[in-house]
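Me: I would like to go through the terms used for this model and check what each one rests on.

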Amino acid sequence: MTDLPESPTHELSTSGVGPWIGELPEDPWFDRELLEKGDTRNVIDRYRYWTMEAIVADLDEKRHPFHVAIENWQHDMNIGSIVRSANAFGADTVHIVGRRRWNKRGAMVTDRYQHVVHHDTVADLVEWAKAENMPILAIDNVPGCVKIETFALPERCLFLFGQEGPGLSPEAIEAAEAVIEITQFGSTRSINASAAAAVTMHSWVMQHVTF
Ligand SMILES: C[S@@+](CC[C@H](N)C(=O)[O-])C[C@H]1O[C@@H](n2cnc3c(N)ncnc32)[C@H](O)[C@@H]1O
């Protein structure tokens, strides 16, 4: 696939672009209806007028090899925001452990473009990670943890986050090869889980992506 050809439509704002002006392109990744009616989806300009399937296929070619997991025992409101950040930072897959249902609002429909899978229990997640030879790194500020600022994050790994209130379950901490904290400097005990996920994913990017 190539970059979007220059369209005479100039409305490249967050509210989207209008109908394609001029002869409609025939390339298979374009969605005819979007070309005709305009594209107001929450996608970067490169993907304007592309079908959802074409966007997912293009992302699949360049996803990073880290995964993100979040425990969901109490309907955690952070999950949508974590999915959105996972999409932005190019995570391979988001794993939701526990309750199947989660509040999609914060995802801003990015879940359509992000692989999201469910595991009933931490044991199921651990089994999946073992089969994939994927180290689990628990992210929480609990006794015995090490600092993310000085920790060499593996290229292939799964970051496991806890939920607001209880934090990570004992089973999750037990399953991890390391427990990693984001150093804080204020009076609050913690940052919220989606903020922690964004910081962690960006730390991985800082260690593994060459700019
Ligand atoms: C609101 S925290 C709750 C637990 C926290 N350990 C406490 O003592 O209050 C929810 C989740 O956000 C993540 N988190 C929050 N602050 C963090 C930090 N400074 N370092 C690493 N993870 C953090 C962890 O995954 C944690 O399980």
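Me: What makes strand β2 (residues 93–98) mostly covered?
Reply: Five of the six residues of β2 are buried. A residue is buried if 20 or more other C-beta atoms, placed from the backbone, lie within 10 Å of its own. The model is predicted, so local features need pLDDT of at least 70, side-chain atom pairs count only at pLDDT 80 or more, and totals for chains, interfaces and linings use all residues. Residues are numbered from 1 along each chain as its sequence is written.

Me: Why is β2 said to pair with strand β1 (residues 66–72)?
Reply: Pairing requires that DSSP find at least two bridges between two strands. Five bridges join β1 to β2, so the two strands pair, and they run parallel. Within this pair, Glu71 is opposite Val97 of β2.

Me: What makes the crossover from β1 to β2 right-handed?
Reply: The chain passes from β1 through helix α3 (residues 79–89) to β2. With the strands pointing away from the viewer, a right-handed path from the first strand over the helix to the second runs clockwise. This β-α-β crossover is right-handed.

Me: Which strand does Val97 face in the pairing of β2 with β3 (residues 115–119), and at which residue?
Reply: Val97 stands opposite His119 in β3. β2 and β3 are parallel and share five bridges.

Me: How do you know that domain 1 and domain 2 touch?
Reply: The domain assignment, automatic or from a database, gives domain 1 as 1–60 and domain 2 as 66–208. Contact means C-beta atoms, placed from the backbone, within 7 Å. Five residues of domain 1 are in contact with four of domain 2.

How values were computed
Buried ≥ 20, exposed ≤ 12 C-beta atoms within 10 Å, placed from the backbone. Helix = DSSP H or I, 4+ residues; strand = E, 2+ residues; numbered from the N terminus. Contact = placed C-beta atoms within 7 Å.
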